[in-house]
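Thanks for making time. I have one structure to go through, and I will take it region by region.

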Amino acid sequence: MSNKEKLYQERFKRYSIAMECGKPDKVPVVFPLSEWVVKYTDSTIQEAYYNFDKETEIICDIVKDLDFDIMFGFLILWWPPMYDAMGSKYYKFPGLQLEANVGYQYVEGEYMKAEDYDDFIANPTAWLANKFLPRINEEFAEPGSYRATVALIKSAAGFAMANANAAIKGEKLAKEYGVVPYGTGMTKAPFDTLGDALRGMKGILLDLRRRPDKVLAACEAIVPHNIAYGKITAAGDTSLPCFAPLHRGAYPFLSMGQWEKFYWPSWKAVIEGLWAQGKRTFFFAEGDWTPYLEKIAELPEKSIVFAIDNTDAQKAKKILGGRFCLWGGVPTTLLTYGTPQQVKDCVKQAIDELACDGGFVLAPGGVVLGDAKRENIMAMLEAAREYGVY
């Protein structure tokens, strides 16, 4: 076993102990990967998005001399060539619809109409294939046509290429740099599947008033699909948590009553369904989830890693600490607008208050965006090692 492979095992053990609410030798610290790394190179975000070798080169170059345990985030979340092959109307990418040095944009809309509910509830997969995909992709406008068939083949090949290259990159980072990924697989809360991608914010909020029974039935129909998606995209791995970006459940998008009725039951069912198969969920609670902490505490012990973004960290520690691993401590805005000394002070406070009895991972609370400062990221890693020894 090489030194880097030993380093990987050391870091993986540290992370695993924290996920089990234990106290490792050091507080695990996360390196936040995103488009911010590109501005410290001579490349553009467009080049990184469209060239796997360039993306891997950029990541390897920045992590090679850094001391951290886990890498979270993406330089490429969605591989543009696959979407280009479909004529996607869903995303805008740098260099085509956007300038070359900005991140991708999601174009929200009511891609599922209110009158589609019954067909969706009866068979979500069939509805997605026959209605949703033609609506969001220009090349699929006429399903079964020669043009649509060629586009399907090209985009499927693109999807396979993206997955293969991601696997190659992950293996290289693990073997040559000892980098441990934060998780494997991806899932969502059913209400977010409906409210993010299908009905959009306006549509889902109107539905809560006009057709609440349809919303509940649709969320129930999505539950088995999101459990299966989490397992399939993780390729059966149960050693690392399944990423779940959570959006519409953050306070105050919904009232407490709406959250308990529409959001929580189906999301809880997905988490419990994955946990029953040994898969922990990375509860990526973007925004403020403070009002819901008592309900979240009802989940099976150790079934989630809870990310603290704008949630009250002290209350999260009091209510969830010891039951679940907590993740966070550093506001993402501080990494953009703060100074290195402010970041170091924040890290010390977070470790003092949240890491004392283990079960904690030091990390930015949310996704670090393209305007973060490198010197602040470095200050976060250095302070974590200085103050994070048990």
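Setting aside residues up to four places away in sequence, Glu 55 touches Ala 48, Leu 75, Ile 76 and Lys 169. This is a predicted model, so please hear every value as computed. Glu 55 sits in helix H3, which runs over residues 52-63. Is Glu 55 buried or exposed? Its relative accessible area is 1%, and because the cut-off for buried is under 20%, Glu 55 counts as buried.

Next, helix H8, residues 190-198. All of it is buried, 9 of the 9 residues, so the helix is largely enclosed by the rest of the structure. The buried residues of H8 include two aspartates, Asp 192 and Asp 196. Also on that list are Pro 190, Phe 191, Thr 193, Leu 194, Gly 195, Ala 197 and Leu 198. After H8 comes Gly 200, with a positive phi near 75°.

For contrast, take Asn 163, in helix H7, residues 146-177. With a relative accessibility of 43%, Asn 163 is classed as partly exposed. Between the C-alpha atoms of Asn 163 and Arg 248 there are 28 Å, and along the chain the two residues are 85 apart.

Now the aromatic residues. A pair of rings is described by the distance of the centres and the angle of the planes. How many aromatic pairs are there? The count is 43. I will show two.

One is Tyr 83 with Phe 93, at 5.8 Å centre to centre and 40° between the planes, which makes the pair tilted. Tyr 83 belongs to helix H4, residues 80-86, while Phe 93 is in the loop between strand S3 (91-92) and strand S4 (105-106), so the pair ties together parts 10 residues apart in sequence. Both Tyr 83 and Phe 93 are buried.

The other is Trp 259 with Trp 289, an edge-to-face pair, 6.5 Å centre to centre with 80° between the planes. Trp 259 is in helix H11 (residues 256-276), and Trp 289 is in the loop between strand S7 (281-285) and helix H12 (293-296), so here the parts tied together are 30 residues apart in sequence. Trp 259 and Trp 289 are both buried.

Back to Tyr 83 and Phe 93: both belong to one aromatic cluster. Other members of that cluster include Tyr 49, Trp 78, Tyr 90, Tyr 91 and Tyr 104.

The charged end of Lys 348 is over the ring of Tyr 387, 5.8 Å from the ring centre. For Arg 374, the charged end is over the ring of Tyr 40, and the distance to the centre is 5.9 Å.

Last item, the second largest pocket. Its space comes to about 200 Å³. There are 14 lining residues, and nearest the centre are Ala 313, Gly 329, Val 330, Pro 331 and Leu 354. Which elements each supply at least two residues of the lining? They are helix H13 (313-320), strand S9 (325-330) and helix H15 (340-354). H15 gives the largest share, 5 residues. Sorted by class, the lining has 7 nonpolar, 5 polar and 2 charged residues.

That is the end of the tour.

Conventions: Residues are numbered from 1 along each chain as its sequence is written. This is a predicted model: local features need pLDDT of at least 70, side-chain atom pairs count only at pLDDT 80 or more; totals for chains, interfaces and linings use all residues. Side-chain values use heavy atoms; hydrogens and water are left out. On a 1 Å grid over the protein atoms alone, a cavity is a set of points where a 1.4 Å probe fits but cannot get out, and a pocket is an open set with protein on both sides within 12 Å along at least five of seven lines; lining residues have an atom within 4 Å of a point. Grid points are joined across faces, edges and corners, and a volume is the space filled by probe spheres set on the points. Helices (H or I, at least four residues) and strands (E, at least two) are DSSP runs, numbered from the N terminus. Ala, Val, Leu, Ile, Met, Phe, Trp, Tyr, Cys and Pro count as nonpolar, Asp, Glu, Lys and Arg as charged, and the others, Gly among them, as polar. Rings of Phe, Tyr and Trp (its six-membered ring) pair if their centres lie within 6.5 Å; planes under 30 degrees apart count as stacked, over 60 as edge-to-face and the rest as tilted. Buried means under 20% relative accessible area, exposed over 50%, partly exposed in between (1.4 Å probe, protein chains only). A charge sits over a ring if NZ of Lys or CZ of Arg is within 6 Å of the ring centre and within 35 degrees of the ring normal. Contact means heavy atoms within 4.5 Å.
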